[in-house]
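Please look at the sequence and the structure shown here, and keep both in view while reading.

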Amino acid sequence: MAELQEVQITEEKPLLPGQTPEVAKEAELAARILLDQGQTHSVETPYGSVTFTVYGTPKPKRPAILTYHDVGLNYKSCFQPLFQFGDMQEIIQNFVRVHVDAPGMEEGAPVFPLGYQYPSLDQLADMIPCILQYLNFSTVIGVGAGAGAYILSRYALTHPDTVEGLVLINIDPNAKGWMDWAAHKLTGLTSSIPEMILGHLFSQEELSGNSELIQKYRNIITHAPNLENIELYWNSYNNRRDLNLERGGAVTLKCPVMLVVGDQAPHEDAVVECNSKLDPTQTSFLKMADSGGQPQLTQPGKLTEAFKYFLQGMGYMASSCMTRLSRSRTASLTSAASTDGNRSRSRTLSQSSESGTLPSGPPGHTMEVSC
């Protein structure tokens, strides 16, 4: 008989005392489902309570991705199509996400009492440190749309050491001028609050086309149970202060920034102006064709690819697999080199709507991308 040898078997994940393998497997599955569904928290701040949802677990030496939504939306209706997109999964596996809902915008939020003083956008920005302190997060990469982009920019100006990068969709850094106020008041006489907000979110061409997407979001806003709260957020946005950004001045965003706008967006001029006020060595300008007013909803694939390049430029996800857009990089860079002569402050990359991308590369130019 062959000599028997003693083999010691050690469990990689020892079971808890009294726990069967079946129970352990069920507990692990429940924990995974909880992470996939997100964990919702509320924290008190000097300006009221704010609700946010956390997905995933913190990664060592990596910032959290923190999102802030636009007026008329919450984090789900503003960003869910982007973060549920297939190619985005590689990003969200590498970063914990914190989705902030502006006060009163979260699902099931009660209507604020009559006379409630809604926080200004500056005060909404001042709530963010309370969120990071609660979660014990030191730095973030902000992703904001419209009013949310303004809020994250304001936060980055006052807390630059905690912001590693910003993706700003449809940002308008300027306060409303007298002409804007007059137009706003005149529109308010003939249009309802939902229609005014839809005009803020989408282009007139999109609204006239009345696509399935427009019908969906018109229904969301028109029949929102917290419409009174939405109006308060809308009023705060229209009362925003000027960010007073100045290229080379004391007031500027010191982190890498990717500005995003659709080619028919209502805020195209404002985003272009914002681009002119930021450091060209730190700023990328992404103008997306065929995307309308909400590129994160209509072109999540292209925006995901640009986000990957943006993260690579910051030193993260160096081995990330670029999928359907990577094949156009060589042609894009060649096209860029041919146009440098007349535009010394920026490099223009002109591409078709099917192959747009934001290539990674050394800083030194603002990259205006038409994709």
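Leaving aside its neighbours within four places in sequence, which residues is Val-251 in contact with? The model, which is a predicted one, gives five partners by name: Leu-157, Leu-243, Asn-244, Leu-245 and Glu-246. Val-251 itself sits in a loop, the one that lies between helix α10, residues 227-238, and strand β7, residues 257-262. Its relative accessible area is 33%, and because that value falls between the limits of 20% and 50%, Val-251 is called partly exposed. Lys-277 is 26 residues away from Val-251 in sequence, while the distance in space between the two C-alpha atoms is 9.8 Å.

With this one residue in mind, the whole protein can be considered. The protein has 14 helices and 10 strands, and of its 371 residues 50% count as buried. Among the contacts with a separation of 6 or more, 71% are between residues 24 or more positions apart. The pLDDT of the protein averages 81, and 72% of the residues score at least 70. Over residues 1-16, however, the pLDDT is below 50, and this stretch has four contacts in the model beyond near neighbours in sequence. The pLDDT also stays under 50 over residues 324-368, although for these residues the model has 92 contacts beyond four places in sequence.

If residues up to four places away in sequence are not counted, Thr-304 touches Leu-82, Phe-85, Asp-87, Met-88 and Ile-91.

The next step is to see how helices lie against one another. Two packed helices are described by the angle between their axes and by the distance between those axes. Helix α7, residues 193-201, packs with helix α9, residues 212-222, at an angle of about 135 degrees, and their axes are 10 Å apart. Because of this angle, α7 is oblique to α9, and the crossing of the two helices is right-handed. From α7 the contact is made by Pro-194, Glu-195, Ile-197, Leu-198 and Leu-201, and from α9 by Tyr-217, Arg-218, Ile-221 and Thr-222. By class, the residues of this contact are six nonpolar, one polar and two charged.

Thr-222, which is found in helix α9, deserves a separate look. Its relative accessibility is 34%, and Thr-222 therefore counts as partly exposed. Apart from neighbours within four places in sequence, Thr-222 is in contact with Pro-194 and Leu-227. Ile-197 is 25 residues from Thr-222 along the chain, and their C-alpha atoms are separated by 9.9 Å.

Helix α7 also packs with α10, and here the angle is about 50 degrees, with the axes 11 Å apart. At what sort of angle does α7 lie to α10? The angle makes α7 oblique to α10, and α7 passes α10 in a left-handed crossing. The α7 side of the contact consists of Ile-193, Pro-194, Met-196, Ile-197 and His-200, while Leu-227, Ile-230, Glu-231, Trp-234 and Tyr-237 belong to α10. The contact of α7 with α10 has eight nonpolar residues, one polar residue and one charged residue.

Note on methods. Residues are numbered from 1 along each chain as its sequence is written. This is a predicted model: local features need pLDDT of at least 70, side-chain atom pairs count only at pLDDT 80 or more; totals for chains, interfaces and linings use all residues. Side-chain values use heavy atoms; hydrogens and water are left out. pLDDT is the predictor's confidence in each residue, from 0 to 100. Contact means heavy atoms within 4.5 Å. Helices (H or I, at least four residues) and strands (E, at least two) are DSSP runs, numbered from the N terminus. Buried means under 20% relative accessible area, exposed over 50%, partly exposed in between (1.4 Å probe, protein chains only). Axes are lines fitted to C-alpha atoms, for helices over the stretch in contact, and angles run from 0 to 180 degrees between N-to-C directions. Angles under 35 degrees count as roughly parallel, over 145 as roughly antiparallel, 65 to 115 as roughly perpendicular and the rest as oblique. A crossing is left-handed if the near helix is turned anticlockwise from the far one by less than a right angle, and right-handed if clockwise. Ala, Val, Leu, Ile, Met, Phe, Trp, Tyr, Cys and Pro count as nonpolar, Asp, Glu, Lys and Arg as charged, and the others, Gly among them, as polar.
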